[in-house]
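Open the structure in your viewer and keep the selection tool at hand. We will go stop by stop.

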Amino acid sequence: QGSTILHVRVAIVGEEYILILADDRTEIARTEEVRNDFVANVSHELKTPVGAISLLSEALDDAAGDEEAVRRFAARMSKESTRLTALVQDIIELSRLQSTDMVDRAREVDINSLVNDAVEATRLPAETRNTTVVVGGSVQGLVYGDAKMLTTAFRNLIDNAIRYSPAGSRVGVGLRSRDGMAQVSVTDQGPGIDAEEQERIFERFYRIDSARSRHTGGTGLGLSIVKHVVANHGGEVNVWSQPGQGSTFTVRLPEMETSDTTAGDGNREQ
Ligand code: ADP
């Protein structure tokens, strides 16, 4: 219906607006295209584990009596259902990010403690891969935000750093405040990311190596979630990487103004 209203306005306002409105319509078409792509990707991604579970349940049935085969099929079924659960969780998370009013759930949060929570949440994969996660530095100010979502974003970055690095390596998490921004960097000793791929990895379901991503439990949505969470907080996420030299993902979030910087505020009692 949006485009019908735009047409009426063109007739009234005149030619000058045609270009702007044409742009709006392109934007609407693009949003629609992105949404359709997402639905197509979701269907495709869901079909893989669902199809596998269905085949495995038939195989289990046929294998009745062969204890070793039953155990093997059951283990694979459990792996596929874990993958399915992770995928559904990430899809829900991403949809919620696009519909929630962030301000509703936002409060003052201490990034240092959120990062520690995120490191704690990745302890199991880190131990499994014998990877050490080292946290250094600290953020000075508070950030106004959604603690749960921010923790998820940091967890996704640390989890990727662990999954894409060779076993036994080191992941560094650096915290600092700079130019009124809280800065969190996650550095790994993994394979690095080609310059052409650096933008694309933030797209939904984009993976450089899908077999590897799936094998390590990736859903292809982790970085899109990071990007949305950070954008919803008025921040940004960047990647620095060179193939063979690891990667550093940096999140910057605006810190709340402290009483020092708001000294000129007329409403404040000195
Ligand atoms: P996935 O679930 O596949 O890890 P993400 O959205 O988190 O999905 O990441 C998208 C892709 O970006 C990954 O499949 C991987 O190819 C690449 N990637 C992400 N983090 C790293 C990293 N730390 N080092 C190398 N490649 C990475």
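**Stop 1: the ligand and its shell**

This is a predicted model.

Now colour the shell by class.

**Stop 2: polar atoms at the ligand**

Zoom in on the oxygen atoms of the ligand. Show the side chain of Tyr164: one of its N or O atoms is 2.6 Å from a ligand oxygen. Next, pick Asn160. A polar atom of the Asn160 side chain sits 2.8 Å from an oxygen of the ligand. Then turn to the backbone of Gly222, where an N or O atom lies 3.3 Å from a ligand oxygen.

How much of the ligand does the protein bury? On its own the ligand exposes 530 Å², and 98% of that is buried by the protein.

**Stop 3: α7 against α10**

Keep α7 and α10, and hide the rest. Their axes are 9 Å apart, at an angle of about 140°. The crossing of α7 past α10 is left-handed.

Show side chains along the contact. From α7, select Met149, Leu150, Thr152, Ala153, Asn156, Leu157 and Asn160. From α10, select Gly222, Leu223, Ile225, Val226 and Val229. This contact has eight nonpolar residues, four polar ones and no charged ones.

**Stop 4: Val133**

Bring the whole chain back and select Val133, in strand β2 (residues 132-137). What does Val133 touch beyond its neighbours within four places in sequence? Its contacts there are Val119, Ala126, Ile158, Ile162, Val171 and Val173.

Finally, pick Thr85. It is 48 residues from Val133 along the chain, and the two C-alpha atoms are 26 Å apart.

Notes. Residues numbered from 1 in each chain as written. Predicted model: local features only at pLDDT ≥ 70, side-chain atom pairs only at ≥ 80, totals over all residues. Heavy atoms only, no water. Polar contact = N/O pair within 3.5 Å; in protein donor to acceptor, adjacent residues only side chain to side chain. Areas by Shrake-Rupley, 256 points an atom, 1.4 Å probe, with all protein chains shown as cover. Axes fitted to C-alpha atoms, helices over the stretch in contact; angles between N-to-C directions. Helix = DSSP H or I, 4+ residues; strand = E, 2+ residues; numbered from the N terminus. Left-handed = near helix turned anticlockwise from the far one by under 90°. Contact = heavy atoms within 4.5 Å. Nonpolar A, V, L, I, M, F, W, Y, C, P; charged D, E, K, R; others polar.
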